[in-house]
Amino acid sequence: MNLDKVIAGFFIILAMTVNFGFFYGDMDSLEMHSKYELFAAIIINIIATTLKLGDKTQMGSVLLATSLVADIQLISAAVIWTVAEYAYTIDREIVGMIISLSGGALLANITSVTLYVGETIKSKR
């Protein structure tokens, strides 16, 4: 068993599941979505991204791209939430933007997990 692959796989899948935990809930209400869970999703996604940096293969490049997309969308959601919280009022449009961005990040994470599992199944022992 390769410990590096286990750790990388753990963080890739954890990034997706924490992102799903934040995304799941009512689209009209931020009470269903924890800011701490969004923060955890950002941190775990950044860890998963750094673990993908050393892979020089074509698949590694695609996995890194999906992680970067998820990072950008989750960080954008956090920035919008923070700016709206302190500079404006949070209305339904802002809530929709935050949740939609996390949904896009979730889709990127699902793509990453699918590619990772496919690569694992394809690899020889």
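Modeller: What follows is a close look at one helix, its neighbours and the core around it.

This is a predicted model, in which local features need pLDDT of at least 70, side-chain atom pairs count only at pLDDT 80 or more, and totals for chains, interfaces and linings use all residues. Residues are numbered from 1 along each chain as its sequence is written, and side-chain values use heavy atoms, with hydrogens and water left out.

The setting comes before the part. The protein chain has four helices and zero strands; these are DSSP runs, numbered from the N terminus, with helices (H or I) of at least four residues and strands (E) of at least two. Along the sequence the pattern reads α-α-α-α. Taken along the principal axes, the C-alpha atoms of the protein chain fill a box of roughly 55 × 20 × 20 Å. Of its 125 residues, 36% count as buried, where buried means under 20% relative accessible area, exposed over 50% and partly exposed in between (1.4 Å probe, protein chains only). Among the contacts in the protein chain with a separation of 6 or more, 72% join residues 24 or more positions apart; a contact means heavy atoms within 4.5 Å.

The part I have picked is helix α2, which covers residues 35–51. The unreviewed UniProt entry lists residues 36–54 as a "transmembrane region", along with 7–24, 61–82 and 94–117. Its positions are given here in the numbering of this model, feature names are shortened, and such annotations may be inferred rather than shown by experiment. Over residues 36–54 the model is 84% helix and 0% strand, and the end C-alpha atoms are 29 Å apart. Over residues 94–117, the chain is 100% helix, with end C-alpha atoms 35 Å apart.

Is A41 buried or exposed? Its relative accessible area is 0%, so A41 counts as buried. Leaving out residues up to four places away in sequence, A41 touches V18, N19 and L74. I13 is 28 residues from A41 in sequence, and their C-alpha atoms are 11 Å apart.

Now to the helices that pack against α2. The axes of α1 and α2 come within 8 Å and cross at roughly 155 degrees; axes are lines fitted to C-alpha atoms, for helices over the stretch in contact, and angles run from 0 to 180 degrees between N-to-C directions. The two helices are therefore roughly antiparallel, a label for angles over 145 degrees, with under 35 being roughly parallel, 65 to 115 roughly perpendicular and the rest oblique. Their crossing is left-handed, which is the case if the near helix is turned anticlockwise from the far one by less than a right angle; clockwise would be right-handed. V18 and N19 are among the α1 residues that meet α2, and A41 is among the α2 residues that meet α1.

α2 and α3 pack at about 155 degrees with their axes 9 Å apart, and that makes α2 roughly antiparallel to α3. Their crossing is left-handed. The contact includes L38, A41 and N45 of α2, and L74, A77 and W81 of α3.

The largest nonpolar core has 21 residues, and F22, L30, L38, L74, W81, I98 and I99 have the most contacts inside it. A nonpolar core is a set of buried Ala, Val, Leu, Ile, Met, Phe, Trp, Tyr and Cys residues joined through side-chain atoms within 4.5 Å. Two or more of its residues come from each of α1 (3–23), α2, α3 (58–87) and α4 (92–122). The largest share, six residues, is from α4. I98 is in contact with F22, L30, A77, I80 and W81, leaving aside neighbours within four places in sequence. Another core, of seven residues, lies apart from this one and includes A8, M16, L63 and Y116.

As for α4, its axis is 9 Å from that of α3, at an angle of about 165 degrees, which makes α3 and α4 roughly antiparallel. That crossing, too, is left-handed.
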